[in-house]
Structures are given as structure tokens and as C-alpha cells.
Amino acid sequence: MKIAVIGQSLFGQEVYKELRKDGHTIVGVFTIPDKDGKADPLATEAEKDGVAVFKFPRWRVKGQCIPEVLAQYKATGAELNVLPFCSQFIPMEVIDHPKHGSIIYHPSLLPRHRGASAINWTLIHGDKKGGFTVFWADDGLDTGPILLQRECDVEPNDTVNTIYKRFLFPEGVKGTVDAVRLIAEGKAPRITQPQEGATYECIQKKDNAKIDWNQSAEALHNWIRGNDKVPGAWSEVDGQKVTFYGSTLVDNGTAANGQPLEIPGASRPGVVTKAGLVLFGNDSKALLVKNLQFEDGKMIAAAQYFRSGGSAAVELTEEEKTFAEQMRAVWQSILTNVSQIEDSTDFFKSGAASMDVVRLVEEVKLRASTCQLQNEDVYMNTTFQDFIQMCVRKLRGEDDEEELVVDYVEKDINNMTIKMPHQLFINGEFVDAEGGKTYKSINPTDGMAICDVSLAQISDVDKAVAAAKEAFEEGEWGKMNPRDRGRLIYKLADLMEQHQEELATIEAIDSGAVYTLALKTHVGMSIQTFRYFAGWCDKIQGSTIPINQARPNRNLTFTKKEPIGVCAIVIPWNYPLMMLAWKAAACLAAGNTIVLKPAQVTPLTALKFAELAARAGLPKGVINILPGSGALVGQRLSDHPDVRKLGFTGSTEIGKHIMKSCAVSNVKKVSLELGGKSPLIIFSDCDMDKAVRMGMSSVFFNKGENCIAAGRLFVEDSIHDQFVTKVIEEVKKMKIGDPLDRSTDHGPQNHKAHMDKLVEYCHTGVKEGATLVCGGKQVQRPGFFFEPTVFTDVQDHMYIAKEESFGPVMIISKFKSGEVDDVLRRANATEYGLASGVFTRDISKALYVSEKLNAGTVFVNTYNKTDVASPFGGFKQSGFGKDLGQEALNEYLKTKAVTIEY
């Protein structure tokens, strides 16, 4: 016969192969589209044979068959449709079209257990007999006439997997082919399904799989095994949702020796034993559960529930290395869409399905008969590296627990040993980048490499986003009590404080920050930021709103503040750790998960932060750190459909590009802190000494690599010369040198390209006619040192008057005494509006100027005075959105309005 096979999976593949062996012509295979670049096994087999394969995403739209799809199907000339396993809804125009109609395989003894979860319900109901039915398709739900049925005994400890592997799969393939044979011979019966005994149960989903403990041990066992592996039977334990797997009935539970575990609603506490978790029904009989899975997705052996600690990765022997390479080849044969199996390759995120787990377990048995794996072992060790470690430990007879493994780069420097992670941090693990790609992070003090750092690729971004999404939607973090979330963030801040000297040292060698400044500001303010936002976690709340009542009924309207989801954060190189803290702390406090790209030239404190976050107990996937290029990693984050918010600090040019990409991709929420050319106005009635001191700080703080640096000083003409003279005196006192030297005032610029831009910037200033009073060139010593520079006589039209240097370059212009409005016009004559400042003893003048300056921050008789409680952000092309303060939380929250009528 001419047959169209409509379906999917390994089962569909085997039916297809056997039908061809039986001499039938397969005129078309209709299956699902490729998933993650991997074709369904049925499609792969048919394409290999040259059979036409159709991968329709859907057959109907709004209940109507799609004409083009129907036409392609009819063109095959099929005389019979065979649906071995099909997840799509097939229209009746297709079902009824062939000469012989359509037949469907169903894994239960119809009319019992009609519906999509038939095997689950066979076990949940404790049926003693199971089996399958091949029936003629009609317009009902599994109600068509029966063609063929075969049954089997259901064993007391059968699971969905065991009964499927033992009977439903192999015998189901044979039965489906036998049914086709009967049709070809004209002997196929059409037996009307009886009404008596008919059942239809709902699809088993996570929300209806909660365990009712007021049952017998056998009923509890049936419920757990009937939901194993999907969706998973669960219960509240110790305040969190725990899913139970691997249930068996036992007859000696009352004598179990172990540690009691209270389970709400259970007739008595469970007992954690060496064999697993013993549970009791209301009849005092017992069952044993082997594995548990927590809300964050982590699965453990139930026997390990109360254990803590762990062991380091084992080093493989030569024989074990050979085994590992054999298994790498097996993974490659299963994950055909993956070009190369790396240690970090994730089995499931690379497209593996449940049948692939079965195959992998059997492949291990063929190569190492003493390594007896269970399916759960694969689910608990999903990356290739973890899988091999688990197999090797089993081969050695060892039992282990998971721990954070860090491949440190260690350096003895600054009277301490610093330990620096250098790999990507994804889903709670430090991993190499795809393809093992790396780059060198350079110490700007001497221009020498500090270490090789993993260079993230697009696939790494996708893994990190997937991990963050899973942590938010399925993991513990998304369900955590806000107060508990705050407790973890406080703990993270405490760990940062314990490591503050190490963090400051890493910041100094990686970014050129003077150590003392790094200790106080780069690291110190970062710690303060996390502590500040930790306190906000349980204070994020909505409001009730009076609205017009729907008389005679009444209404209640209230708002909820909810986290956005997966947030991307892209930060600059001038304050590597502090910029991370300013954004990540608010983001985490709001309950989001993060994928963060540090600046490519300064990744090391971000990676150390990731280590501390893991040690603080933040769940896997909540924080992911991806060193890499903006063009690759930043762009992918901007484009990624699962990223719902992007926070960026950097140049206006890149900010515009990000904003466009975020709009085009999925209209992400965006906050941008961009370039600046902040004006500082110094009036003649100022405190001169303070104005000089603060004016110096406004420009030269952190080597001028400061987003709010005073990009242009307007000095009243009557004090101009005096101000310049005092500034030059102070500049001459500045010590340029090693940032780790406690007496150093001015360290190296962050990287060579930036230093070269500063040289060119100053050349432009001189060329346009500004007066170079001091500096303007590179310091003749190793590293990327640039002299503190002062320009005077700067006119409004000049390049250096309009564009940001982002370096230690003071731009001074005069303004005439008494012309307050004119100097305000000049100060505001820029497309930037990040910060500004004014020095005067006249409070009325100060308030007037602060009101008229068009900038997100105005400093009066001070400068650089930021605080974790005060919002920070710009106007105009300096961006929008706020870091710090309560307002920063709104950048990472969405407001939902709920209206109830009563």
C-alpha cells in the first residue's frame, strides 16, 4: 500500500522502518519542525531513504485546514494514514481522505484512559493490566472503532519508562505493523468501543501533580510512579516544592534507620536512609523514593538530603580518559546538531530527549558493564564533564556531592595571594567558552598579560540566557520569599567585604584603578549598594486604587510590582565592579535573573563576584557572567527573544544601537547611562580652595575615567587666572605611578586604545587654538600612563569643548562676571545631560542655577558625591532610567493592575 506516516519520535521511526520492510511504499512522512537545529528521528530516517518529508508547524488555523498543507498532503496519493505517535492536531480532511482512512496507536486498552496521559493514568490507577490499542481515527477523542489490542501485566514497581521499554514500545511497533497488514489483506475489523469502562483523564501537568498524603502507601507509590518522569509528583518540604522520583514499595519501612524528615500533611515523618527516602501511607505501610528534585532544578539522590559539602573533580586515569573519549563519541552520535562535544556541552540544552537518555544509559552499559546507570543519573549530570565525573565515580565505587569547582589563576601581589576565576560563569559553573576560545586581559600598569580569559560566543549567550530563564521560571529564585532573597544578597555583601582587599587588588591590576580608591569606591560602594538593595527586597509593594464602581456591584483595584524576568546587563570598563553592583543589586532585589557582560578589557572582578555569589548560595542560573566582545555578546543579548530587559552603561553611539536592537527584537525594556560633557560653573563668590580641590577631583578622579567627570569648567573671569594658577600648583603635586603604591595619586589609563585616543584628543585641542597649560602627552614609562592635562582659552566651537575626553583632561573656559543666564546657556548647549555642578556662596544663585541646569544630577559646592540611596541617571543623549536609590528598582519591575468585581 501507499502509506503516509504522520507522527514523530523513535517510535514513529521504528514503525516507518518496519512498514518499509513489509513491502509498503511510504509516499510521505509528515512530522514536526526541527527543534534547536535537530531533526526528529522519523524525519532523519526518511530523509536518509529519500522519502518526501514534510515539517508543517501546524495543519489548521482557527479550526480550518490550511489549503496549501492539505494540497501537499493530497499530492502524495496516500491510501492509508498511519499515526504511530503524533502530537499535532490532524484535520478530518486529512484523516478521511485516503482510501483506507487513518489508524492511530494509543498506549492504553481503550476505552480506558482516553487522552494524552494514558500511560501515566494506567499506573496512577494501579491497573493490573496495561497495553495498547490501534484504532480507526474518527472525529472524537480516542473514540474510533478498535482494530487491534494487545495487553500486558503491569508490575508493582513499573514506571512509565519501564512499561514503555518492556512492552509498549517493542510490541507497539509490531502491533501497528500487524494492523497495517490486516488492512492490506482486507481482514481488519472495526469494533465499536464499549461505553462501559470508558474513562478520560486530564493531561498530567505540574500544578495538578501535588501529592495527597492521606492515602495508602500503594496509592502514594502509584501517584509518584505515574508522574515519573513527567510532570513529577511533588510536595512542600521545608518550605519549598520538592519533586519525588524512583518510587518502590517496601515491606520494612517501619524499621528504617535514618534521619527524620517532616513532610506537611503526611501521616508521619519520612526517614532519610542510605537507600533513599522512606515515606509512609495512612495505612503505616512504606514506600522508598530514590531521587528528589528542588525548585531550582537541581536533582539529588534522596539519601543525600541532609548532606553538605562535596569533593573536588577527580583526575582521570589513562583508562578512564579512554572511556571518556568513547562516551564523547556517543554524545556526538546522539547530539547530531552539535558540531563538537565540549566539556561544557549540555545534553538536554543541546536537544536530547527522554529516549536519548535511554540510549545513553545503554551505551554506557556496553562500554562499562560495572557502571550501572539509571535514567536519573543523566538528569542529575547534564553536562559532558559532569556526566563523565559521575560515571568515573560510579566505576570507582565512590559517592560524591556537588561543589563549586574553580580553576583559579593565582598571583602573589600586594602582600597577598589573589585567586582569580577566568572562565565564563553559566548556570552556577565556571566553564570554558564554546570552542575553548580565550583572550588576554592586560595589566595597564606594565602592558603585560594577567591571564587568559574565556571569550564567550553566541552559543554561550544562548546557554546563559536559557539558564537564567529556567532559574526565573522554574527555579527556587523565582518562588523565593523576598525576605529570603534579601538574606542571600546580604550574605553576598558580607562575602564581598571579607574579600574586599582581594577585589580591590584585582580591580587595580585589571583596570589601573589606584588601590586605595578601589578599596574605598570601586569595592566599598559596591558592598554598600548590595546591602542597600538587600533591604529593599521585602519592601517592594503595590497600591490600592479607588475606581468607579460597577453598580450595583463594587470593585477593588490594586497593583502588583513584579520582576521582569531575564535581564541583560552590559557594563563599562571604568568602574568594573561598581557598575556591576549599581545595576545587578537592584535587578536581583527585584527578583530577576541576570546575564551580565563585563567590559572585555576588565572582566576579572566580575568573575570573582560570580564565585562569591555562588558561595553565598544564590541558586544556579540567577547570575551568569560572559566576558566577550560587544559586537558578539552584547549584540546577541540585545537581540535575544528571552531577554526582557537590558541595562547598559557606555557610549551614546553604542547605546543608540542597543536601543534599536532591543526595539526590533522584542521591544525589551531598556535603561541607558551614556556619555556626558558635564559642565561645572565656578562663580567668583566661591570658596576658592574648595573649588580648586573639588574642581581637581571633578576632572582627575579615577584618572578622569569617570562618567560624570566635569567635561568643561566655566570660571568667572575675575577669578580665572587665580583658579588656573592654583590648579597647576596642585597638578604638579600629583604622583603618577603604580596603582598598588599607597602614595600614588594617578594610575594608568585603562587600556592602550583609550590612551592613544587621549593623545589624539589633546593634539586636536592644540590644533584648534586652545592653550595647553600642562600635560597632553603619554608618560614615558611602561604601561598606559597619561599626564594630567589642563587646557585654557577653550572656545565654544572647539572639538574639546563639545566632546568628552573620558580622561584626565581639564577644559577651562571663561565667562563674564554677572552673566549667569549666558553661562547657563553655554553650559546647556550640549546634547548631553548626565551631571553638572556649581560653586557659589550665594544660596539663591545656587538654587537658580541648579534649577536651570539640564542634567540628571547637580552638585552644589561639591562634586562626585554619589550615594547608594540617591538616584543616578542622565537627560537627553546621556540616556534615561536610573541607577541607585528606590527609583532604580522601577527599572527592573513591571506593574500589573488587578481589578476584582464583587
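Q: Over which ring does the charged end of Arg781 sit?
A: The charged end of Arg781 sits over the ring of Phe785, 4.2 Å from the ring's centre, where a charge over a ring has NZ of Lys or CZ of Arg within 6 Å of the ring centre and within 35 degrees of the ring normal. Arg268 likewise lies over the face of Phe280, at 3.7 Å from the ring centre. The model is predicted, with local features needing pLDDT of at least 70 and side-chain atom pairs pLDDT 80 or more, while totals for chains, interfaces and linings use all residues. Residues are numbered from 1 along each chain as its sequence is written, and side-chain values use heavy atoms, leaving out hydrogens and water.

Q: How is a pair of aromatic rings described?
A: A pair of aromatic rings is described by the distance of the centres and the angle of the planes. Rings of Phe, Tyr and Trp (its six-membered ring) pair if their centres lie within 6.5 Å, and planes under 30 degrees apart count as stacked, over 60 as edge-to-face and the rest as tilted. A search of the whole structure finds 27 aromatic pairs; in one of them, Trp331 and Phe387 are tilted, 5.5 Å centre to centre with 55° between the planes.

Q: Are Trp331 and Phe387 buried or exposed?
A: Both Trp331 and Phe387 are buried, that is, under 20% relative accessible area with a 1.4 Å probe and protein chains only, whereas exposed means over 50% and partly exposed in between.

Q: Which residues form one aromatic cluster?
A: One aromatic cluster is formed by Phe11, Tyr105, Phe132, Tyr164, Phe167 and Phe169.
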